[in-house]
Amino acid sequence: MAELESFLAVREMLAGFLQEDIGTGDITSNSVIKDVDARAEIICKADGATVCGLEESAAIFDICGCSCKILAKDGTKAKRGGRVMVISGSARAILKAERTALNLLMRMSGIATETRALADMAKPVRIAATRKTAPGLRHFDKKAVVAGGGLAHRMRLDDMVLIKDNHLVLAGTPEECVRLAKQGVGSAIKVECEARDQKEAISAIKAGADIVMLDNFTPAQAAKAIKEITKLGLRKRALVEISGGVNYKNIRQYAKAKPDYISMGYITHSPKAVDFSLEIIKS
């Protein structure tokens, strides 16, 4: 039942995206194209891109009454010029769905491609997403991260406790915030606490945090903190996350510190879209 509700919710979102683009109708296609059937194919225009969003794109065409055959799997790499989908149906319907389907496919594939590249550089440390997603697109952005080999991390504010710097400013020390959080949500929900320095990281773990986030540490500071946490016998008591200031140039240095994962807002707030095109197949 939950899976069905999720499917229907996603389909409703996709229908909303279509409505945003269509408005009262595609006046261009309705004016210049006869109501005839057609076939089209979606082509990848980048080499080595990690594809994601094919199911969503197919659903968009389906909502418009078209049939689709998906030729690739999410998470796999596409070659430049490779076909990833074939669509058949009313020519007007295909063109009506084209831009919305391609936009989502391009964005999700861009996120998956960036995630895959960074995940390969950080191995065996995992890459995780953040909540820095486009409003209305979080489900799709997070799915793309997973397709690229990353971790979705927290989807919503009610998934887990994440004590950030502003919570610490307003509510007190890491120890006090962790205590209050554990008291408020119970033991079934994970509690993560951001640390601005090594001392706060150790205090948060001793207070019972399930995860400690080393925020804006340099690679050297992160390595030193994790080494000290291990030395004190606390490494197995909490997961260690590194976040802030991580990029292509330094991710390998951060990975050498051996955290459990590295979270990056970049992969969802600034993805470079992968170019796809839809081409009508002439009879």
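Contact here means heavy atoms within 4.5 Å. Helices (H or I, at least four residues) and strands (E, at least two) are DSSP runs, numbered from the N terminus. This is a predicted model: local features need pLDDT of at least 70, side-chain atom pairs count only at pLDDT 80 or more, and totals for chains, interfaces and linings use all residues. Residues are numbered from 1 along each chain as its sequence is written, and side-chain values use heavy atoms, with hydrogens and water left out.

**Whole protein**

- The protein has 11 helices and 12 strands.
- Along the principal axes, its C-alpha atoms fill a box of roughly 75 × 35 × 30 Å.
- Of the 283 residues, 45% are buried (under 20% relative accessible area; exposed is over 50%, partly exposed in between; 1.4 Å probe, protein chains only).
- Take the contacts between residues at least 6 apart in sequence: 73% of them join residues at least 24 apart.

**α4 against α5**

- Helix α4 covers residues 91–122 and helix α5 covers residues 138–147.
- The two pack at an angle of about 40°, with axes 7 Å apart. Axes are lines fitted to C-alpha atoms, for helices over the stretch in contact, and angles run from 0 to 180 degrees between N-to-C directions.
- α4 and α5 are therefore oblique to each other (under 35 degrees is roughly parallel, over 145 roughly antiparallel, 65 to 115 roughly perpendicular, the rest oblique).
- The crossing of α4 and α5 is right-handed. That term applies if the near helix is turned clockwise from the far one by less than a right angle; anticlockwise is left-handed.
- On the α4 side, the contact uses Leu104, Arg107, Met108, Ile111, Ala112, Thr115 and Arg116. They meet Phe140, Asp141, Lys143, Ala144, Val145 and Ala147 of α5.
- By class, this contact of α4 with α5 has eight nonpolar, one polar and four charged residues. Ala, Val, Leu, Ile, Met, Phe, Trp, Tyr, Cys and Pro count as nonpolar, Asp, Glu, Lys and Arg as charged, and the others, Gly among them, as polar.

**α3 against α4**

- α3 and α4 pack at an angle of about 165°, with their axes 9 Å apart.
- That angle makes α3 roughly antiparallel to α4.
- The α3–α4 crossing is right-handed.
- α3 supplies Leu54, Glu56, Ser57, Ile60 and Phe61 to the contact. α4 supplies Ile94, Ala97, Glu98, Thr100, Ala101, Leu104, Leu105 and Met108.
- The residues of this contact of α3 with α4 divide into nine nonpolar, two polar and two charged.

- Glu56 lies in helix α3, residues 54–63. It counts as buried, at 5% relative accessibility.
- The side chains of Glu56 and Lys143 form a polar contact of 2.7 Å. A polar contact is a pair of N or O atoms within 3.5 Å; within protein, one must be able to donate a hydrogen and the other to accept it, and residues adjacent in sequence count only if both atoms are side-chain atoms.
- Beyond neighbours within four places in sequence, Glu56 is in contact with Leu14, Leu104, Met108, Phe140 and Lys143.
- Ser57 is also placed in helix α3. Ser57 is buried, with a relative accessible area of 0%.
- Not counting residues up to four places away in sequence, Ser57 touches Met85, Ala101 and Leu105.

- Cys64 sits in the loop between α3 and β3 (67–70). Cys64 is buried, with a relative accessible area of 15%.
- Its C-alpha atom is separated by 9.0 Å from that of Leu18, 46 residues apart along the chain.
- Leaving aside neighbours within four places in sequence, Cys64 is in contact with Leu18, Ala93, Lys96 and Ala97.
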